[in-house]
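Biologist: I am new to this one. Please take me through a single part of it, closely and step by step.

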Amino acid sequence: HRFNVSVSEIDNHDLRQRGTIAVAHVSNTRKDVEKLLRSVGLYAESVSGGEIISSIYDYHDPDAD
């Protein structure tokens, strides 16, 4: 609710020490999405006690298709 995003665990389901999480958000600009996703990552680290090892950002622009 805090960030208005969709979140799903997409890999490493059987591991307690590691998880792969996908976060989705829709916005008018790529810059807004990047800013929000960075905020989500910082928040996740602060409340989980964990560490984000890697982040990959992927964008879909329907006008570019």
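Modeller: Let us take helix H1 and begin with its cover: strand S2 (20-24) is part of what covers the buried residues of H1. Cover here rests on contact, meaning heavy atoms within 4.5 Å. This is a predicted model, where local features need pLDDT of at least 70, side-chain atom pairs count only at pLDDT 80 or more, and totals for chains, interfaces and linings use all residues. Residues are numbered from 1 along each chain as its sequence is written, and side-chain values use heavy atoms, with hydrogens and water left out.

H1 runs over residues 30-48. Its 19 residues reach 27 Å from first C-alpha to last, close to the 27 Å expected at 1.5 Å a residue. That expected span is 1.5 Å times one less than the number of residues. Helices (H or I, at least four residues) and strands (E, at least two) are DSSP runs, numbered from the N terminus.

Which residues of H1 are buried? They are Val33, Leu36, Leu37, Val40 and Gly41. They lie on the same side of H1, because they cover an arc of only 145 degrees around the axis. The arc is that of the directions from the helix axis to the C-beta atoms. An α-helix has 3.6 residues a turn, so residues three or four places apart point the same way.

Now the other side of H1: Lys31, Lys35, Leu42 and Ser46 are exposed there. Buried means under 20% relative accessible area, exposed over 50%, and partly exposed in between (1.4 Å probe, protein chains only).

Just after H1, glycine 49 has a positive phi of about 75 degrees. Along the sequence, the protein follows the pattern β-β-α.
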